[in-house]
Amino acid sequence: MTLIAIIPVLFLGGALAWLVERSVEGGSRWVTLASLLISCVLLASYWPQFSQAAGEAWWDSVQAPWIPRFGISFFLALDGLGFLLLALTLAMGLFGLIASWDQIQFRRGFFYFNYLWTLAGVAGVFTAMDLFLFFFFWEVMLIPMLFLIAVWGYEQRIFAAIKFFIFTQASSLLMLVAIVALVYLHYDASGQVTFNYRELMDSEIPLGIQYWLMLGFFIAFAVKLPAVPLHPWLADAHTQAPTAGSILLAAILLKTGAYGLLRFTLPLFPEASAAFAPLAMTIGAISVVYGAILAFAQQDMKRLVAYSSVSHMGFVLLGIYALNTIAIQGAVMQMIAHGLSTAALFALVGALQQRLHTRNMAQMGGLWARVPKLAAIALFFAVASLGLPGLGNFIAEFLVLVGSFPVNRWLTVIAALGLVGAALYALWMMQRVFFGEGEKAEEDSKVHDLNAREATALLVLAVGLVFLGLRPQPVFDTAEPAVVYLLEQMESPQSPNAVAESSPPNSDSNAVPAKGTTSSTTILNAMAPGSETL
Amino acid sequence: MSTQELFAILPLLVLSAGIVILLLQVSFIRGHRAALATTLAVLVSACVACFAVAGQVSRGPGSIGVTGLLLVDHYALFFCLLLLFSAIAVAVLGFNYLKHRSDSTSYPEEFYILLLLMMLGASTLVFASHFASFFLALELMSLSLYPLLGFAVSGDLSPERDQLLSLESGLKYLLLSALATALGLFGIALIYAASGALDFSGIAVAARQFGQESPLMLAGLALLLIAMAFKLSLVPFHIWTPDVYQGAPTPVTALIATVGKGAVVALLLRFFAGVDLFALPSLTTLLAFMAVASMLIGNLLALLQGNIKRLLAYSSIAHIGYLFVAFLMGNSAFGIEAVAYYLVAYVVTTLGAFAVVSLVADSALAHTPGGGHPIADTASDPFHRDYYRGLFWRSPWLAGCLAAMLLSLAGIPLTIGFVGKFYIFAAGVQGQMWLLLAAVILGSALGLYYYLRLLLVMVQREEPSSSGASGAIQLAISGRLLMFSLTAVLLVFGIFPQILINWINAL
């Protein structure tokens with residue numbers, strides 16, 4: 001039942017923050033902090049399920065009728081994958097709040113209102129098990145994000161905000177049509193109108209139609225991800241958003257696209273997804289390389305980080321459509337590790353912008369001497385993002401490459417080139433910003449280094465990345481049931497009844513996936529560099 | 001005519017009696033407030049009458065035919081109620097509008113008489129089941145709209161610019177509407193020549209007997225459809241819309257956009273279902289083309305508008321286009337339900353948006369009574385987008401209501417507009433009209449741009465430089481009440497759509 005409380009806590013916290021700011025100057029931040037902490041405590045109540053490795057697939061669920069006319073219910077459920085992403089959401093929410101604690105001066109109450117409502121929408125997306133409800137939350141997270149960009153953003157905020165919104169909204173209308181069509185086909189076959197995810201999984205749809213419906217979902221998620229032809233909104237939105245907004249966008253909102261692919265596109269349309277997989281992997285590989293090239297060409301530091309996200313999320317797409325346990329586990333790990341490292345990089349860029357009033361790398365340089373702490377932490381996250389072994393991103397990208405190599409050799413080779421590109425742009429960024437001669441070095445010599453608050457927040461993330469790099473097994477264990485369930489759906493789409501029974505697969509009930517599970521776990525154990533050797 | 005028949009048209013009788021009472025009242029006691037009170041009383045009692053008749057109808061046969069001219073059934077009563085509620089809102093808006101613009105030499109009471117006449121026409125149109133009653137009702141509606149559109153001219157204190165625009169609006173509508181009516185009348189004549197009947201059921205029988213593909217019949221139906229498309233401002237019969245919407249007094253704009261269109265949609269629904277015109281592919285194709293063109297052209301042209309009334313005019317063209325996707329679903333319970341829901345969403349949202357625009361403009365005029373001076377720049381024109389810059393920080397509640405209306409128009413969740421859009425998608429998928437759905441998606445994406453631009457202008461940081469738009473906007477209590485109740489309706493039906501769905505299916 002705690003599941004249902006998290007979302008209202010965030011919604012109400014947002015409303016309260018707005019009200020409090022009217023009477024208490026700066027009070028909204030504390031309200032935001034409090035409601036995020038309460039949500040964290042609520043989420044922590046799932047610790048027993050998290051700590052026991054092989055438990056039930058679905059940890060909790062809440063269901064109540066909402067619009068009976070269309071068989072729509074208010075149906076939330078949590079599994080390992082949802083838990084990981086929910087934890088990421090709340091953690092990044094806290095990080096964004098703390099990292100930009102004093103950056104917002106204008107209409108603070110309304111800012112934190114939007115901030116919390118975005119988080120609430122994302123939390124809903126990660127737990128909704130009714131397709132209508134999912135779509136509802138999918139939209140609810142957009143409007144506050146729109147305001148975050150449009151009101152507190154930088155120079156071109158209106159343009160960036162509208163571009164962001166039109167891309168996501170137009171693509172999500174495609175998804176809405178696909179959802180309605182799916183429900184209608186299900187109704188035609190079974191005579192029952194429902195938007196329930198688990199019931200819709202049973203519907204058998206001819207491959208031709210399935211392909212179109214799958215595309216409707218895929219495009220919506222690929223825009224969010226973003227995958228290459230659909231990425232133009234990303235650079236503008238990330239660059240123009242305020243720091244906290246960029247953190248939300250990069251660390252959390254991008255993950256909703258990957259989550260949607262894992263949760264909805266693959267299991268609902270298994271045959272079509274299998275047929276589409278080579279194309280999707282190609283898009284992923286192209287995104288990896290293209291994103292790296294674009295990142296390398298940027299003058300604007302924030303744009304560089306934004307395009308590096310395109311590159312990193314390309315790995316996620318590649319891993320998901322490799323359709324095997326290792327690659328998908330890698331993709332899940334990449335979602336988390338990329339969330340941490342990119343959030344930190346955006347926070348650092350934001351800190352620099354606050355101090356230097358520029359994001360143009362041509363005007364920076366030689367900053368190491370003046371802001372040593374900031375520079376050292378930036379170096380850490382830059383090498384994390386380029387995939388240094390021992391950190392989470394390495395595990396993730398390595399697993400994706402290992403998993404997709406047997407599926408498609410050449411695409412894997414191309415994607416691996418992206419790692420070279422990542423090294424290039426990340427180190428080049430370090431060189432231009434922190435080393436060398438500075439142009440503005442003489443003009444304003446009094447630049448503050450990171451204060452204790454910022455440094456602590458960033459160090460916590462750094463520790464998190466190291467932990468993920470050395471001991472990734474808990475993440476794999478938590479995501480395991482969801483991944484196995486997904487692959488089972490993919491492999492045996494014609495016998496859905498076994499899966500759709502309310503208790504999803506236990507490893508002993510079905511021999512073949514169980515074998516796959518154990519073997520993959522051993523591989524993962526062997527691969528995690530830390531767990532045995534350290 | 002039996003007592004039951006007389007009882008069935010009770011809403012119409014109440015309205016007619018109300019008109020007479022108001023006329024008498026005005027000839028003895030002139031009084032703005034008294035006229036408003038009488039009007040509201042008449043409208044509310046007509047609503048009550050609708051409920052009473054609905055109870056009678058559901059106890060009885062399901063529908064009551066009145067002398068072959070009118071047919072009272074659940075759907076007609078539902079639409080009639082919807083129109084009456086909008087009329088109540090328009091009356092309140094009109095009161096706020098006239099309050100600042102009238103003095104002892106002007107006669108604001110006529111506004112309410114004309115409004116009630118228009119409502120009598122609209123309600124009759126909804127009940128019509130015969131071309132005679134249909135035509136009479138349509139003309140009654142149009143004839144009372146002409147003076148309403150030009151009402152700013154009638155010896156009050158509107159700025160001269162407003163008066164000229166209002167006059168232009170009235171004349172334009174008069175000329176073009178007369179042309180459309182003539183076409184429609186010719187269409188009716190052709191249908192009569194082909195089928196020998198003027199009542200809908202008679203036409204249906206004749207059509208079934210002689211086959212619907214008779215060229216005379218088709219030509220007549222097409223002409224009639226064109227006349228209706230003119231009233232609904234479907235592309236390519238939309239040219240009048242932006243000018244008329246812009247020039248008319250804003251409450252009248254709200255009236256023509258909601259009651260004027262709602263009544264025609266209700267009638268078309270009954271006509272198409274009764275005569276079973278959905279079986280005629282040539283007519284449905286014609287409608288589909290007009291719907292697609294309306295969605296695309298309406299949204300495209302709205303992109304260019306700085307004037308909010310013109311923007312809403314183009315957006316209403318697009319919305320009627322969306323509505324026709326559900327309309328084309330054909331003669332099924334779900335199609336009718338979808339049309340009804342979307343119409344409610346459209347009416348509530350459009351009323352709300354025009355209410356905010358109207359109240360903002362009234363308050364701007366209240367600052368400069370008589371307001372004869374020319375408008376210096378766009379930021380001091382209360383109908384221009386620039387006037388709304390930073391409104392969210394100056395008058396958060398007002399701007400919040402407008403934001404809700406805009407989000408509803410754009411079809412974003414939590415609002416009634418989203419559920420309406422959902423119905424459109426459901427109907428489109430069920431009818432497998434993929435091209436139309438593609439047009440809906442494209443149109444919605446275009447629409448987002450101008451709705452969002454207005455929305456984002458309201459939350460901009462810059463304080464306005466010109467003196468025209470500074471300070472909070474003070475609203476009268478009646479206006480505020482209206483605005484909040486419309487927003488409440490919009491949110492409640494957006495979050496709990498089942499309530500309204502139950503009503504639609506129960507009525």
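Strand β1 (residues 63-66) and strand β2 (residues 70-73) of chain B run antiparallel and are joined by four bridges, strands being DSSP runs of E with at least two residues, helices runs of H or I with at least four, both numbered from the N terminus, and two strands pairing if DSSP finds at least two bridges between them. This is a predicted model, in which local features need pLDDT of at least 70 and side-chain atom pairs count only at pLDDT 80 or more, while totals for chains, interfaces and linings use all residues. Residues are numbered from 1 along each chain as its sequence is written, and chains are lettered from A and ligands numbered from 1 in the order in which they are written.

The two strands form a hairpin with three residues between them, and B:Thr67 in the turn has a positive phi of about 50°.

B:Ile64 stands opposite B:Val72 in β2(B), and B:Val72 is, with B:Tyr342, one of the residues with the most contacts inside the largest nonpolar core, which has 420 residues. Such a core is a set of buried Ala, Val, Leu, Ile, Met, Phe, Trp, Tyr and Cys residues joined through C-beta atoms within 7 Å. Its largest share, 22 residues, comes from helix α14 (residues 333-367) of chain B.

Between the chains, 25 residues of chain A are in contact with 20 residues of chain B, contact meaning C-beta atoms, placed from the backbone, within 7 Å. On the side of chain A that touches chain B, α8(A) gives the most, with 14 residues.

Methods. Two residues are in contact if their C-beta atoms, placed from the backbone, lie within 7 Å. A residue is buried if 20 or more other C-beta atoms lie within 10 Å of its own, exposed if 12 or fewer, and partly exposed in between; C-beta atoms are placed from the backbone.
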